[in-house]
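This briefing covers the sheet, the helices packed on it and the nonpolar core.

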Amino acid sequence: MALYSEKVMDHFRNPRNVGVIENADGVGEAGNAVCGDIMKIYLKIDNDIVTDVKFETFGCGSAIASSSMATELIKGKPLEQVLQLTNKAVTEALDGLPAHKLHCSVLAEEAIRAAVKDYYER
């Protein structure tokens, strides 16, 4: 059995929404001191809808794939739905992650929540 699903490999090899949004409406960062992964999420929001999202991730393939998939899952969605995104939903959308890599999907959820929090606090 392969360690990673085809979806994980696709999002790792061809990540979506990579980059920085200048003058983002919300920016959130999450990191894991144990593995060293760091995720930064940038949101552009109009009328409480995520109109654009970008990410920068320093980490393993699972971290990059989780960032990529999470951004795909929230793009075009209202903030109410964005805040309901869970690491479980990210993992399921990737057709699973190895148990020792589940923390990567948690980082994606945390970075998105931090970006939305930043938006509301501005």
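G31 has I38 in β2 as its bridge partner. The model is predicted, with local features requiring pLDDT of at least 70 and side-chain atom pairs counting only at pLDDT 80 or more, while totals for chains, interfaces and linings use all residues. Residues are numbered from 1 along each chain as its sequence is written, and side-chain values use heavy atoms, leaving out hydrogens and water.

**Sheet**
- β1 and β2 run antiparallel and are joined by six bridges; strands are DSSP runs of E with at least two residues, helices runs of H or I with at least four, both numbered from the N terminus.
- The open sheet has three strands in the order β1-β2-β3, with antiparallel pairing (two strands pair if DSSP finds at least two bridges between them).
- β1 (26–31) and β3 are the edge strands, each pairing on one side only.

**Helices on the sheet**
- α2 packs on the sheet and touches β2 and β3, its direction making about 175 degrees with that of β3 (axes are lines fitted to C-alpha atoms, for helices over the stretch in contact, and angles run from 0 to 180 degrees between N-to-C directions).
- α5 also packs on the sheet, touching β1 and β2, and its direction makes about 150 degrees with that of β1.

**Core**
- The largest nonpolar core has 28 residues, and those with the most contacts inside it include I41, V50 and I112 (buried Ala, Val, Leu, Ile, Met, Phe, Trp, Tyr and Cys residues joined through side-chain atoms within 4.5 Å; buried means under 20% relative accessible area, with a 1.4 Å probe and protein chains only).
- α5 gives the most to this core, with seven residues.
- Leaving aside neighbours within four places in sequence, V50 has contacts (heavy atoms within 4.5 Å) that include L43, I74 and V82.

Conventions: Buried means under 20% relative accessible area, exposed over 50%, partly exposed in between (1.4 Å probe, protein chains only).
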